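Trainee: Could you take me closely through the surroundings of the ligand, and then through a few residues elsewhere for comparison of setting?

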Amino acid sequence: VKAIRIINGQAEVINERCIGCGNCVKVCSQGAKNYIRTTGVVWGILTGHRPKVALVAPSFPAEFQEIAPEILVGMIRGLGFDYVVEVGFGADLVAREYDRMMTDGEHGPSISSDCPAIVFYVEHYYPHLVPSLAPIVSPVVAMARVIRERISKDCATVFIGPCISKKVESDELDEVITFTELRDMFTDRGIRPGDTEPSSFDPPHAGRGAIFPVSRGMLNTLRREEDADGTGIVVAEGRIQFREAIREFDSGLLGNMHLQLLCCEGCIMGPGTSAGGKRFARRMKVTEYVRGKLHPEVTRCWLEEMEKSEGIDLGQTFTPRDRRLPQPAEDPIQAALEAMGKHSPSDHLNCGACGYDTCREHATAIVQGLAENEMCLPYAIENLHRSISELHISNEKLASAKEALRQSEKLAHMGQLSAGIAHELNNPLGVITMYAGILLEESGPQDPLRQDLKLIVEQTDRCRKIVGGLLNFARKNQVNREETDLAEFARLSLDSIIIPENIRTRIENRMNDSLAWIDQDQMMQVMTNLEKNAIEAMPDGGTLTIILREDDDQIGLCVEDEGSGIAGENMDKIFTPFFTTKGPGKGTGLGLPIIYGIVKMHSGKINVESNDDPGKGKTGTRFCISLPRKCVNP
Ligand code: ADP
Ligand code: MG
């Protein structure tokens, strides 16, 4: 009946929907679903002053296979019961009533009402069929009425049986416990078969009614055949069959047939019995016990008892208690199916792994708040696959972020070191340049020292440039953004360097709006450094192209050449200070590190693409810098 709701991955029983079939208790191998034990109440009853009667369900031989019936009765008395009676006799009375109802035909086609789970099922989910429920009490209630008549109106009655639905069946019983709970009570009091005196059930004794709890038990009790001699009884049991039978009964397919239904596969397999019981062995134990009752002597006494109980009212009425959920609209069901990745009929695997027969039923339950997406196995697997590949991607991103971090840490350390050295060298270099300059000026044109002095001046100049570059690289300058027309800015950058004859330059402006906010001095340094590198890469001439791009709120400045390209193994070294391939006295290896620092301060990125292999096409390099058009400093 789908009385279990999944909330945050936890299964929870919804009280109003539950019919007490106990299927959840039986199937949960973790023992996570359980029923409320009421042995405490029974202990309370046993200390009271009313006559205490144990009503033992006829399925007891199936459960207590290792204990002889007389010993079991003795053990129950040992708990403190004054009377121990067989509910089987109640079953005999009830069977007689069913027989009369079917024979006189006044009631019309009926649904048996001796199994409380079936009664709850009809009351909750087929409320319009409530009038079809046989208006007859269940065997245990029949027995309770007999007891009150025979022993005392004031009896305290405790039913002991295989059923948990019985716990809420009737107010006419003081308490209901299961066979499992009875075993607990024996253990509590240290009652063992070996130390127990045998004892018999108190009268009235059961006849064929003792066969009631096995499949077709009622038919056996009635001595009727299923649907063979026109008596018209359909027998169905187990949670799948009984629902089918009611459905067919409801749609009128069964004509005038009576339904004889049990929720479990016979009461002998009820949720209140020990786990792991063997169905047919249990069945055999019950029939063996009944066979022992079929002596002519016993039968004569039984007939007398049946006679005596004629006057007891065994009538009962039922109330419809509709618990059906409204059928959700089509749209939300479709949405729920979509959310589980079921877009077309071929996605409806109807595998049943979720506990619902079809994907559609599952989706309906989701809309009704009873189920979750995650219960769909194919969906969960699909999700898992997706998470794995997402994890993979983010792992790669992490690795590249780590690499970038390592690089910038290295640069920061280099920066500190170089700034320290540069600062210390700057002043002495200044002094050397000044005095060498003075000496050079004072030397005559024919002075033999003049060439040497010239060399000193040149080389110290070079040193000062390097030191200046180092200071530039290390300084944490502020970015002073000004509105700049990039097209003009690019032209200006080309004007401020010396361009050899064999180099052609062009500016390719792909921007609609060429205005951006940049630090002009710093970005000029970036552009000229890139342009110088490009020129230096094309000693035999070629074209230097500046490309201006835009992409949403980013602007792009690219410098492209047709030079030698950068060797693959050098790609991750070119931003390292002092890395140069330009031979002694030519490159400083500081151009790109400075560019890197400036671009970072503009919250921008540098991208390099290069081909140094003529076999793979035209060689050349393109440095692209992208910056936020207007970024406020982070
Ligand atoms: P430098 O120009 O002083 O060598 P940079 O930091 O500007 O120092 O450049 C470092 C190295 O990167 C260069 O020596 C060169 O090998 C490589 N490089 C930079 N730009 C280019 C380019 N446009 N084409 C080929 N190689 C380049
Ligand atoms: Mg350079």
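This is a predicted model: local features need pLDDT of at least 70, side-chain atom pairs count only at pLDDT 80 or more; totals for chains, interfaces and linings use all residues.

Mentor: A polar side-chain atom of asparagine 533 lies 2.8 Å from an oxygen atom of ligand 1, a polar contact in the sense used here, namely a pair of N or O atoms within 3.5 Å, where within protein one must be able to donate a hydrogen and the other to accept it, and residues adjacent in sequence count only if both atoms are side-chain atoms. Lysine 582 places a polar side-chain atom 2.6 Å from an oxygen atom of ligand 1, and for threonine 581 the distance from a side-chain N or O atom to an oxygen atom of the ligand is 2.4 Å.

Residues are numbered from 1 along each chain as its sequence is written, chains are lettered from A and ligands numbered from 1 in the order in which they are written, and side-chain values use heavy atoms, with hydrogens and water left out.

Turning to asparagine 611, this residue lies in strand 14, residues 605-611 (strands, E, of at least two residues, and helices, H or I, of at least four, are DSSP runs numbered from the N terminus). Asparagine 611 counts as buried because its relative accessible area is 16%, where buried means under 20%, exposed over 50% and partly exposed in between, with a 1.4 Å probe and protein chains only. A polar atom of its side chain lies 3.0 Å from the backbone nitrogen of aspartate 613. Beyond neighbours within four places in sequence, asparagine 611 is in contact (heavy atoms within 4.5 Å) with residues including Ser564, Gly565, Lys616 and Thr619.

Methionine 523, in helix 18, residues 520-536, is buried because its relative accessibility is 0%. Leaving out residues up to four places away in sequence, methionine 523 touches Phe489, Ile518, Leu557, Ile598, His602, Ile625 and Leu627.
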